[in-house]
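Here is a short tour for a reader new to this structure. Keep the sequence and the 3D view at hand.

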Amino acid sequence: METLSIRLLGEFSFVYDGAEVPGMHGDRVQSLLAWLLLHADAPQSRQHLSFLFWPDSPESQARTNLRNLLHTLRQSLPEAARFLAASNLTLQWQGDGVCLDVDEFRRHCAAAEDAQKAGDLPAARSAWEQAVATYRGELLPGNYDDWIIPVREGLRDEYDRALERLILLLEQVGEVREALRYSQQRLLQDPLNEAAYVAQMRLYAALGDRAGIRRVYEQCAALLHRELDVEPAPSTQSAYADFLRAAPESVPPQPRPITPSPGEAEPPPPSRRAAGLPVYPMAFVGREKEQAELAQLLADPNCRLATIVGPGGMGKTRLATQTARGHASVFQDGVVFVGLSGVTDPTLLGTAIAENLADFRPGAGRREEQLLDFLAQRELLLVLDNFEQLVEGADFLSRILQAAPQVKLLVTSRVRLQLAEEWVYDLNRLPLPPNDDAGWADNSATQLFVQSARRVRAGFAPNSAERQAISHICALVEGLPLALVLAGAWVRMLSPTEIAQEIERNLAFLESDQRNAPERHRSLTTVFEHSWQLLAEEERAVLRRLAVFRRGADRRAAESVAGATLTTLATLVDNSLLRRDENGRYSLHEVIRQFSLQKLEAAGEAALVRDRHLAWFADRAEALDAELFRQPEGENVVHFAADLHNLRAALSWAYFRADQPPLVESLQSPTLDESLHLGVVLTAALGRFWYMRSNFQEGYSWLRRALRLLDTNPTRPVAPHLRARVLFGVGDLLGAIGDLKHSLPLLLQSVDMLRQSGDQLRLIHALHRTTEVGSSRPRAEVEGWLAESLALTRGLDNTWLLGRTLFQLSMAAQTWGEIERAVAFGQEALPILRSQKAIGSVIAQLNILAQLAIAQGDAPQAIDLLEEALGLSRTRVASLGSQAWTVRNLGFAYQSAGDFEKAMACYGESLEMRQRLGQLPGVAWSLEGLGEIALLQGEAGRAVRLWAAASRLRRESHDQLTDLEEARFRKWNEKALVELGEEEHKQAWAAGDSLTLEQAVADAQGQRSGRKLSVL
């Protein structure tokens, strides 16, 4: 059974069967999910939930909101029927195989308590440590629904208690330094907790570390004064004095005195300070999580050197400065900031550090040794900013760490230092703003833009349209802080929309005219030019070629298209110019990609590299296409979808070449231009890919473009097989959209050409699709297609195709009203399709068997079959189209079983999916079902309007009802005619026939919103 892992503590995560589930990132969806998970022990009243989430809304509106929210949750939730129990009155989370981090945290706490009561300290320690590790942050941080806040605070208290118990236990067994590590963690999550400071002072007293006791007390006092303007409580002051008296003087190592040079005064006593920290004109924005993580690194006694690594403009210096400023009271001798942007000679590193140490007075002899001696007497945080050009001298940092055990180094660099002592902290972009206005103002990226804009345009308060444009700017620069600051400064002259347009045109637009701005930060071009100059020529060549990839590439693609070796890729990653994700894909930050693309154009390689990119993906698509026609189902479609943006870029390049006048003329030549030929090959190879992803409209657009290109150049020889594939793709997707009139002739043309080419696999598929699209053609013609496909299938060793052909026979028999024959074919096909793990085909066959069960009067069996199909259709492999079909049939089954509420919910859900896909026949099916429910509810006029609208949609798409469906419709329509009378029925039909698609859907949705429904 597949497992479901949900994380609510810290960053939200929803992982099903090892893969992150998309669509679960709205605050309200997460909040509802969290409530149901945390209250899974009992059914939750819909009325209570409506009031809880929408207390200020009328009850009817709140319940409608809840239905819509639950619908959104179910759309994203795999196996929703397994995990959610829904009735008219209640909702409840259910199901096994769910791992929830909150439950896990509490289980570990309970196990620790039990072990401690039993005297099993090792088991208690292990359980407390597991509990603390499970708590990765607050409950749904950033979500401020009223119910979450007290639960969040309660869990935070439980976490603090777990840390307290673990610290006491470690102290009890003598592991004081380990206890100190957790003590620092406790203070990070609650810096104003005086009891935690007292506990930490007690630990330093146990070590005899008087300096540590003083440091903790002074940190506590400074923080309380700064944040609350109060002194530590008398009990804290008393504990501090007691710990100082109790701690033996001789235990901690004492710094050896500095021997001053002759005639030189003894150095003054060290004082806490933040020496040389830059002062900025703008307030520091966001990065709370990063600050906390860096503080935790610096609190770890094993971490002596932390390097903040990231590309230029990412905000490394600001983050280091902010972190250092907060640690000025933590280190006995404070913080020293050393800016290295103007230092290019590694041999001058020691000199640059020494020049920033106000107390350092060198005497005769080697300055580096004197510097090391000086640092050996100090306890301080040394911040080394912009180290990337000095990595050849990084060994000197190791010498500092060896000589000065109380010194810690915080380094910013675009390049990793590659030292054994180094702890790397990768700094990424600011989080992008949400799609809606909720939370927009609290987003760090938008805050930074607005703050920069207000410096040049006082009182700047963006309206709704401007907020949308600012969000677009944030996306264009991928949350790069420097880019947002530079973009915001243009508000003095341009609107946010105009700024976005300028960024899209030219990256060089983002520059500053401030006289005192650091040279390296005056424009993005300058920022990345600095990184560019640090690269070897081979690394530059690879970087600029990688710019043709959109949203990244795997290693093989990078090697083939950009000539990247593993060593070069690793170097670019280490230089913070390339990112490698957990799936092994390499990508460039969008701003770096644009910069690199300019370098590619300047090098005159752009066309060559784009041709390689096109050739690579054409080859990959051909391989996938061949696999899909052997067994067109499986995870490879999902994996290939990771390159969706690369596929679009490759197709755009191919057709851009086709539109250039010289190339259009060359089409009259006997040979096809290679890049254009590859574009047609890629387009043809992606036909089934688009179909399986339900990207019907996009796929049709590309294929139609290829077909037009072939049709407008009749004198150019084109391989018949390639043309047949394009024809099949266009016909296939037109059929999926519902344009059966234009689909069938194209499919028949492809069948004729495929017969001549000898490609039996594609011919069988084309015959299958022709049978489905042309099911209303004369029976003899359809039987001919079926007989041909069955004969071809039996001649091949392909079990999947045999099952699929039997499915076609089952569907055709159903169309002709031969129920028993249809069931026999279906029952023969189903185990074959199951054995091949052909999910899409199994779903289709289950739907046909369910429809047959309904025709035989067995609605419960139909519901069972469709529930199984629905569970399968919500997997990552199945398409949205198959899910919509299944949900519509489930509505039909519930209607047949007399459960009209569930039937209406199913029809409505299917209607929304079909409309999203642009499938007119599917929309018609749902409208017809909703019309039948309307008649049962006594709304005969609405029923006739919906049927008329559905009938018009079928005419427009040249779709026809089967004989069984036609007989069913006549029965329902006759009932409506009796209720309305002939004249009123005629008027209702005319009104429905005149409705636009949007009006018909609105009419149907009005029916749904007027009822209290139980959404599935």
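## Buried salt bridges

Arg-414 and Glu-388 are both buried. This is a predicted model. The side chains of Arg-414 and Glu-388 meet in a salt bridge, at 3.7 Å from N to O. The pair links distant parts of the chain, 26 residues apart. Arg-414 sits in the loop between strand 12 (407–413) and strand 13 (422–426). Glu-388 sits in the loop between strand 11 (380–385) and helix 16 (395–403).

Arg-585 and Asp-643 also meet through their side chains, in a salt bridge of 3.0 Å from N to O.

How many salt bridges does the count come to? The count is 45. One of them joins Glu-783 to Arg-779, with the closest N and O atoms 2.9 Å apart. Both residues lie in helix 36 (residues 779–794). They are four residues apart, so about one helical turn separates them. Glu-783 counts as partly exposed because its relative accessibility is 35%. Arg-779 counts as partly exposed too, at 33%.

Salt bridges can also share partners. Glu-537, Arg-540, Arg-544, Arg-545 and Glu-605 are joined in this way into one network.

## A cluster of rings

The model has 14 aromatic pairs. One of them is Phe-105 with Tyr-135, a tilted pair. The ring centres are 5.6 Å apart, and the planes stand at 55 degrees. Phe-105 is in helix 5 (residues 101–117). Tyr-135 is in the loop between helix 6 (121–134) and helix 7 (148–172). The two are 30 residues apart, so the pair links distant parts of the chain, given where the helices and loop are placed.

Is Tyr-135 buried or exposed? Tyr-135 counts as buried, at 7% relative accessibility. The ring of Tyr-135 also pairs with that of Tyr-159. Their centres are 4.1 Å apart and their planes are at 10 degrees, so this pair is stacked. Tyr-159 lies in helix 7, 24 residues from Tyr-135. Tyr-159 is buried, with a relative accessible area of 5%. Phe-105 is buried as well, at 0%. Ring pairs link Phe-105, Tyr-135 and Tyr-159 into a cluster.

## Charges over rings

The charged end of Arg-181 sits over the ring of Tyr-182, 4.6 Å from the ring centre. Lys-975 lies over the face of Trp-972. There the distance to the ring centre is 4.9 Å.

Three strands form an open sheet in the order 4-6-5, with antiparallel pairing. Strand 4 (44–45) and strand 5 (84–86) stand at the edges. Each has a single partner strand, so one side of each is left without a neighbour in the sheet. Two bridges join strand 4 to strand 6 (residues 90–93). Gln-44 has Leu-91 of strand 6 as its bridge partner.

## A nonpolar patch

Leu-192, Leu-228 and Val-230 make a nonpolar surface patch of about 230 Å². Leu-192 lies in the loop between helix 8 (176–189) and helix 9 (194–207). Leu-192 is partly exposed, with a relative accessible area of 36%.

Notes
Residues are numbered from 1 along each chain as its sequence is written. This is a predicted model: local features need pLDDT of at least 70, side-chain atom pairs count only at pLDDT 80 or more; totals for chains, interfaces and linings use all residues. Side-chain values use heavy atoms; hydrogens and water are left out. Rings of Phe, Tyr and Trp (its six-membered ring) pair if their centres lie within 6.5 Å; planes under 30 degrees apart count as stacked, over 60 as edge-to-face and the rest as tilted. Buried means under 20% relative accessible area, exposed over 50%, partly exposed in between (1.4 Å probe, protein chains only). A charge sits over a ring if NZ of Lys or CZ of Arg is within 6 Å of the ring centre and within 35 degrees of the ring normal. Patches are made of residues with over 30% relative accessible area and no salt bridge: like charges are joined within 9 Å, nonpolar side chains (Val, Leu, Ile, Met, Phe, Trp, Tyr) within 5 Å. Accessible areas come from the Shrake-Rupley method with a 1.4 Å probe; for residues, only the protein chains shown count as cover. A salt bridge is a side-chain nitrogen of Lys or Arg within 4 Å of a carboxyl oxygen of Asp or Glu. Two strands pair if DSSP finds at least two bridges between them.
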